[in-house]
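Please look over the structure shown below before reading on. The report that follows takes up a few of its features in turn, beginning with the backbone and ending with some distances across the fold.

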Amino acid sequence: MTTDQTARPREFPSQQQEPPGSTAAMTPVPDHGESTYQGSGKLTGLRTLITGGDSGIGRAVALAFAREGADVAITYLPEEQDDADATMELVRSAGRAGFAYAADLRSHEACADVVARAAGELGGLDVLVNNAGYQMAREGGIESIDPDRLDRVMKTNLYALFWMTQEALAHLKAGGCVVNCSSIQAYDPSVSLLDYASTKAAINNATVNLAAELGPRGIRVNAVAPGPIWTPLQPATQPPEKVETFGQDTPLGRAGQPAEVAPAFVFLASPRDASYVSGTVLGVTGGKPVF
Ligand code: NAD
Ligand code: MG
C-alpha cells in the first residue's frame with residue numbers, strides 16, 4: 001500500500017451494503033495502515049478502549065495504537081464478528097493485548113458493561129476513544145425522520161458518548177484522556193444527513209465543555225473531525241451513485257483512507273506529544289475548512 005496520496009483511489013465502483021456494513025464486501029478494501037504504519041513508542045503501556053474498533057477509522061486507530069505500544073479493547077456490533085476478529089489479529093500481531101466486546105451501545109447498561117470489562121481485562125483505563133457512529137442518508141424532508149431513526153442516530157452518536165464517558169471516568173486518572181469522533185458534517189452539514197450532522201456539532205460542543213470540566217482533574221478531552229473517509233459506513237448508508245464520486249468535492253479531490261485519519265488520534269491520545277492539547281477539534285478533511 002502506498003503513502004503517495006496521488007495514488008490513493010479517487011473514485012469507487014458503484015456498491016451498496018446494509019448497515020452496519022462489512023470491510024470484506026468493499027471494493028476496494030480500505031487501507032488501515034496494515035503495511036505502512038510504523039509505531040515509535042508514543043503510547044507505550046497505555047490501556048485504551050475504542051468503540052466501533054472493528055472497521056474503518058476505528059480499526060486504523062486500533063492498529064496504530066497497538067503499534068505505538070498500547071493495549072487495545074474494542075467494541076463492535078454482534079453482526080460485525082469477522083471485522084472484529086480482523087482488528088484483534090492486527091492488535092495481537094503488534095505484540096499487544098487485544099480484547100473485543102460485542103455490544104450495542106444504545107443503552108447505558110451496555111456502555112457500563114463494556115467499560116467495566118475493558119478496565120478489568122486491561123487492568124485500568126488511560127484512553128477512551130468514542131468512535132462508534134451511525135448515519136443514514138435520506139431523500140425525504142425532515143418529516144421523513146421517524147422516531148426510530150432519530151433514536152438510532154442520537155443514541156449511537158450522542159447518548160453512548162455520554163454514557164461511555166461517564167463510566168470511563170471511574171477509571172481515568174490524571175494524564176488520561178478522551179478522544180471523540182466528530183465530522184466535517186459539524187461544520188458543513190449535508191441536507192441528507194440533518195440528524196447525523198447535528199449530533200456531530202453537539203459532539204464538538206461537548207468536547208470543549210468536557211475539557212473545561214475535566215481539565216482540573218488532569219484529564220484531556222479532544223475530538224477528530226474526519227472529512228469523507230472510505231469505510232463500510234459509506235456504502236452502507238449512501239446511495240450507490242454518491243459512493244462513486246465520494247470525496248471528490250474536497251480540495252484534495254478524493255476520499256481519505258482510515259490510515260490517514262489514525263495519526264490524528266495517536267497525536268491527541270499521546271500524553272507526551274499532546275500534553276497541553278485539550279478542548280480542540282482536529283480536522284482531517286482533505287482541505288475542507290473546520291471552523
Ligand atoms: P464504520 O462503519 O467502519 O465504523 C462505525 C462503527 O460504529 C461500526 O463498526 C459499529 O461497530 C459502530 N456502531 C454503529 N452503531 C452502533 C451501535 N448502536 N452500538 C455500538 N456500536 C455501533 O465507519 P467509520 O466511518 O469508520 O465510522 C467511525 C466514526 O467516524 C463514526 O463516528 C463516524 O460518524 C465518523 N466519521 C466518518 C466519516 C466517513 O466519511 N467515514 C466522516 C466523518 C466522521
Ligand atoms: Mg464495522
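## Two cis peptide bonds

P28 is placed in the segment before β1. In this model, which is predicted, the peptide bond that joins T27 to P28 is cis, with an omega of about -5 degrees.

A cis peptide bond also joins P19 and P20, and here omega is about 10 degrees. P20, too, has its place in the segment before β1.

## The magnesium site

Which protein residues supply the donors of the magnesium ion (ligand 2)? They are D54, through OD, S55, through OG, and E80, through OE, and these donors lie 2.1 to 2.3 Å from the ion. Written along the sequence, the spacing of the donor residues is D-S-x24-E. S55 belongs to the loop between β1 and α1 (56–67), while E80 belongs to the loop between β2 (71–76) and α2 (81–93), so this pair ties together parts of the chain that are 25 residues apart in sequence.

Are S55 and E80 buried or exposed? Both of these residues are buried. T87 is found in helix α2, and it counts as buried because its relative accessibility is 1%, where buried means under 20%.

## Salt bridges

How many salt bridges does a search of the whole structure find? The search finds 13. One of them brings together the side chains of K288 and D249, with a distance of 3.2 Å from N to O. K288 lies in the segment after β7 (281–284), whereas D249 lies in the loop between α7 (240–244) and α8 (262–269), so the pair ties together parts that are 39 residues apart in sequence. The two partners can be described by their accessibility as well: K288 counts as buried, at 17% relative accessibility, whereas D249 counts as exposed, at 56%.

Another salt bridge is formed by the side chains of R106 and D104, which meet at 2.7 Å, again from N to O. R106 has a relative accessibility of 35% and therefore counts as partly exposed, and D104, with a value of 33%, counts as partly exposed. A salt bridge is also found between D273 and R272, whose closest N and O atoms are 3.5 Å apart. Within this pair, D273 is partly exposed, with a relative accessible area of 34%, while R272 counts as exposed, at 54% relative accessibility. Beyond these pairs, R8, D31, R254 and E260 are joined into one network by salt bridges that share partners.

## A patch of negative charge

On the surface, E11, E139, E241 and E244 gather in a patch of negative charge.

Why does E11 count as exposed? The relative accessible area of E11 is 58%, and E11 is exposed because the term applies to values over 50%.

## Distances across the fold

D151 and S270 are 119 residues apart along the chain, and their C-alpha atoms are separated by 34 Å. D151 has its place in helix α4, which covers residues 147–168, and D151 counts as partly exposed, with a relative accessibility of 39%.

A second pair consists of E109 and N131, which are 22 residues apart along the chain and have their C-alpha atoms separated by 18 Å. E109 is found in helix α3, made of residues 108–122, and at 66% relative accessibility E109 counts as exposed.

Methods: Residues numbered from 1 in each chain as written. Chains lettered and ligands numbered in written order. Predicted model: local features only at pLDDT ≥ 70, side-chain atom pairs only at ≥ 80, totals over all residues. Heavy atoms only, no water. Patch = residues over 30% accessible without salt bridge, like charges linked within 9 Å, V, L, I, M, F, W, Y side chains within 5 Å. Areas by Shrake-Rupley, 256 points an atom, 1.4 Å probe, with all protein chains shown as cover. Salt bridge = Lys/Arg side-chain N within 4 Å of Asp/Glu carboxyl O. Lys, Arg positive; Asp, Glu negative; His and termini not counted. Charge placed at Lys NZ, Arg CZ, Asp CG, Glu CD. Buried < 20%, exposed > 50% of the residue type's maximum accessible area, 1.4 Å probe, protein only. Donors = N, O, S within 2.8 Å, 3.2 Å for Na, K, Ca; no water. Helix = DSSP H or I, 4+ residues; strand = E, 2+ residues; numbered from the N terminus.
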